[in-house]
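Take a look at the sequence and the model shown here. What can we say about how the parts meet?

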Amino acid sequence: MAPEAPDVQPPTRVAHSIHPTIAATPLPQSRRPIVRVPVWLVFLGPTVFVLLAITVFPLVYSLALSLHSWTMGARAGWRWVGVQNFAMVLRADPYFWTSVRVTLTYVGAAVGLELVLGLAIALLLNRRADGRGGTVQTLLILPTMMTPVVVGIVWRLLYNPDLGFLNYVVTRLGLPPQHWLGDLGTALAAVVVADIWEWTPFMALVMLAGLRAMPRDPFEAGAIDGASGWQAFRYITLPLLTPTILVGVLIRLMDAFKTFDLVFVLTKGGPGMSTEVLSYYTYRYGFKFFHMGYAAALSYILLAIVVIISQIFVRRLAHHEVEL
Amino acid sequence: MRRQRKTVDLLVEIATGAIVLVFLFPVLYLILTSLKTQVDAFQYPPVWVFRPTFSNYREVFDLYPFGRFLVNSLIVASASTVAAVALGAMAAYALARFSFRRSKDVAFWILSIRMTPPVAAIIPIFILMRMLGLLDSWASLVIAYSTMNLPFATWLLRGFFSEIPRELDESALVDGCSWFSAFRRIALPLAAPGLVVTAIFVFIFSWNEFLFALILTATKAQTLPVAVTGFIRETGIMWGHMAAAGVIIMTPMVMFSLAVQRYMVRGLTMGAIK
């Protein structure tokens with residue numbers, strides 16, 4: 001006679017995915033808790049609590065703040081203005097729209113070129129004999145793992161108009177030296193180049209991981225059918241690589257919209273507003289002018305842009321059944 | 001045919017070498033500059049052969065409170081790492097082992113926090129820290145970094161935990177272990193490599209972080225990345241000092257990334273690509 005027979009409880013919801021006999025095994029009488037808290041809640045609880053605290057609080061607080069006018073340090077407290085901050089940003093702030101244009105140019109150019117260059121480098125590395133790949137990959141990832149502020153320092157050094165390496169090369173080629181970071185025409189491109197240097201290795205390694213995980217059969221079938229190199233790439237490699245490309249681009253997009261360190265070190269948003277990305281514009285409103293309400297509205301708009309763009313990608317990924 | 005193959009292989013090797021050089025050159029240039037005297041640093045065209053000196057490294061510590069910034073960075077990054085990995089491991093275990101209603105939603109919510117631009121969160125957090133009197137303290141940065149990295153740590157660890165065969169903790173449960181001792185005695189030791197990899201990534205992210213450190217600290221608790229931007233002055237930049245400081249900041253990160261190179265792609269894509 002099984003001693004636990006009268007004690008068998010219906011399996012809890014938690015346990016249904018676990019082995020059924022375990023769920024049905026009752027705890028010894030002495031160790032049975034008085035209040036039944038699902039085990040998963042005990043494990044997950046602290047994290048969910050912390051994350052709720054850091055997401056809900058700032059979001060609600062920011063939303064409240066964005067509906068008020070408040071200059072930090074000023075004697076006057078919060079003044080209710082409704083959606084006026086948002087209306088101002090969207091309809092009466094030409095600098096905001098300049099900043100949007102700068103941000104989209106920056107993100108588009110940087111992420112686009114990183115994808116193309118990263119894919120090209122990955123295809124090249126994939127052709128190499130296996131085994132020696134480790135060293136190359138380790139060396140290559142260095143820019144991505146460097147502290148972004150140091151990336152900024154490195155490129156400021158290279159771009160320096162008087163003693164930078166770039167102008168040395170340019171003058172050796174017989175061209176006039178440039179004021180790379182101080183010229184309206186070149187500043188944004190210069191920051192984008194630094195971003196590309198920092199993040200192309202990341203893209204390349206992600207694409208390489210995708211290429212290495214590919215099945216061989218379709219390529220062999222393609223070779224038998226006489227597919228050219230380009231055809232194999234276009235009709236076999238690219239479709240198989242699409243999920244990887246989406247993951248890489250999504251991650252880079254989310255981070256590129258956050259870019260702040262590089263701009264801070266290289267140009268501080270100048271000259272004029274030529275490199276003033278939205279992160280930096282919001283920062284200036286909040287922590288240089290202390291217009292907290294307005295900055296909160298700006299940050300909400302930035303958040304909305306990032307969420308919408310990320311959602312598009314997440315949907316596409318779900319379509320490809322990639323679990324991110 | 002064979003000769004053609006060899007030529008292609010050679011070309012591939014040359015191209016690879018050129019690419020590595022392009023990506024390494026700026027770093028080498030920084031290291032070279034850090035070893036130059038101020039006079040050599042201002043030589044134009046740049047000099048490639050010179051007598052290296054470590055005076056910049058000495059001066060960085062002598063002329064600025066660089067030692068203190070270093071200690072700040074170490075303490076903040078270590079404490080944040082411990083907090084984020086400890087909480088993250090528990091949450092990850094729950095997500096990997098138990099399936100409950102809405103577990104997918106929780107998972108997606110955790111991921112979406114990763115998307116939030118820090119500048120959108122900094123205003124309320126700054127005001128909160130000011131109210132709590134925590135501005136310019138280690139605590140403010142530790143709170144900010146450990147929570148910021150918690151979604152990442154949870155997500156990455158979830159992958160590592162789900163790679164451990166279920167049968168192992170199940171048999172521990174059958175043998176009378178509680179869920180907690182199954183977690184502590186079976187799952188945690190088996191996930192040790194994952195814990196180390198996650199810890200290293202969280203440490204790197206905390207060490208590199210700039211915006212929160214810029215806004216939440218002033219002088220006392222300032223970390224290295226913020227401190228080094230203080231070398232950029234209107235009067236000009238002390239390139240030797242700046243380069244030496246840059247090398248000091250990046251060296252531990254380079255070491256760490258060597259340690260996790262096998263998991264690099266996995267860590268940087270939050271486990272989406274292994």
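Let's start with a salt bridge, meaning a side-chain nitrogen of Lys or Arg within 4 Å of a carboxyl oxygen of Asp or Glu. The side chains of Arg252(A) and Glu114(A) form one, at 2.8 Å from N to O. Arg252(A) sits in helix 11 (residues 229–258) of chain A and Glu114(A) in helix 4 (residues 94–127) of chain A, so this pair ties together parts that are 138 residues apart in sequence. (Helices here are DSSP runs of H or I with at least four residues, numbered from the N terminus.) Over all chains, the salt bridge count comes to five.

A quick word on the ground rules. This is a predicted model, where local features need pLDDT of at least 70 and side-chain atom pairs count only at pLDDT 80 or more, while totals for chains, interfaces and linings use all residues. Residues are numbered from 1 along each chain as its sequence is written, chains are lettered from A and ligands numbered from 1 in the order in which they are written, and side-chain values use heavy atoms, leaving out hydrogens and water.

Now for the place where the two chains touch. Contact means heavy atoms within 4.5 Å, and 100 residues from chain B and 97 residues from chain A take part. Together the chains bury about 8900 Å², with 80% of it on carbon and sulfur atoms. Buried area is the accessible area (1.4 Å probe) that two parts lose on being put together, summed over both. On the chain B side, Phe23(B), Met115(B) and Trp239(B) lose the most area to chain A, together 8% of what that side buries. Helix 1 (residues 2–34) of chain B gives the most to this side, with 16 residues. By class, the side of chain B that touches chain A has 76 nonpolar, 15 polar and nine charged residues. Nonpolar covers Ala, Val, Leu, Ile, Met, Phe, Trp, Tyr, Cys and Pro; charged covers Asp, Glu, Lys and Arg; the others, Gly among them, are polar.

How many salt bridges are there between chain B and chain A? The count is zero.

| Domain 1 and domain 2 of chain B | Value |
|---|---|
| Buried area | about 420 Å² |
| Salt bridges | zero |

Of the area that domain 1 of chain B buries against domain 2 of chain B, Leu30(B), Thr33(B) and Ser34(B) supply 77%, more than any other three residues. The touching side of domain 1 of chain B has three nonpolar, two polar and no charged residues.

How values were computed:
Helices (H or I, at least four residues) and strands (E, at least two) are DSSP runs, numbered from the N terminus.
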